[in-house]
Amino acid sequence: MEALLFRAGSSHVLHSVALIGVDTGSGRPVIDANGSSSAITLRANGTRIEGFNLTGSGGCGCGNAGIFIDSSDNIILNNILYKNRYGIYIEEGATNNTIHSNDFLENRVAANDTVGNWWSMEMKEEGLMGLLKGAKIIGNHYSDYDEPGEGCNDTNSDGFCDEPRTIGNGPGIDEHPLVAPIIAGQKESSYTY
């Protein structure tokens, strides 16, 4: 059996694996980069990262992030990326990554994607409800794009911004950014580390 060890500071993922954080009642697992490097550096293709609080990346503009992605075909979902230089930084050449249902909170730059990965995903309930309701497309929540003054209007009150959000300078686009944090009952100011 292969063991994955996480220490204080940053972690590097070099093999394809599913990393799933489990809230055991004390909150999600926190990976804090303590002001240096990235909380997670993802170099393995086909990896899934879900259910973590990722914070404290280094402050340089060299790609330090909650998650630094230098690989392809990964799924990043249901994470909180909080107070990082970049919430997610995708290296040029890293393609076909799917990033959805995450909260990007108080990062200097929410995300950087110069190749155009997938920033929203079609989700469908299972069973009869899935057939009746059809699919729902969900993106991510961004604390710097969740109010009208930031460009996020929700004129039909469906919980999604009316306009897509460009990721960095493009071409990445979140077609369905959310107005409110995804993690139920959380406010941006209530996250403590």
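Q: Buried means under 20% relative accessible area, exposed over 50% and partly exposed in between, with a 1.4 Å probe and protein chains only. Which side chain of opposite charge is nearest to R28?

A: This is a predicted model, where local features need pLDDT of at least 70, side-chain atom pairs count only at pLDDT 80 or more, and totals for chains, interfaces and linings use all residues. Residues are numbered from 1 along each chain as its sequence is written, and side-chain values use heavy atoms, with hydrogens and water left out. Lys and Arg count as positive and Asp and Glu as negative, with His and the chain ends not counted, and a salt bridge needs a side-chain nitrogen of Lys or Arg within 4 Å of a carboxyl oxygen of Asp or Glu. R28 is buried without any salt bridge, and the nearest side chain of opposite charge, 6.1 Å away, is D23.

Q: Which residue's backbone oxygen lies 2.7 Å from a polar atom of the R28 side chain?

A: R28 touches D23, G51, F52, N53, N78, N79, I80 and I183, leaving out residues up to four places away in sequence; contact here means heavy atoms within 4.5 Å. The backbone oxygen at 2.7 Å from a polar atom of the R28 side chain belongs to N78.

Q: What is the relative accessible area of R165?

A: The charged end of R165 sits over the ring of Y142, 4.4 Å from its centre; that label needs NZ of Lys or CZ of Arg within 6 Å of the ring centre and within 35 degrees of the ring normal. R165 also meets D144 in a salt bridge, 2.8 Å from N to O. D144 is partly exposed at 36%, whereas R165 is buried, its relative accessible area being 11%.

Q: Which residue forms a salt bridge with E50?

A: E50 counts as buried at 17% relative accessibility. The closest N and O atoms of the bridge are 2.9 Å apart, and the partner of E50 is R48.

How values were computed: Polar contact = N/O pair within 3.5 Å; in protein donor to acceptor, adjacent residues only side chain to side chain.
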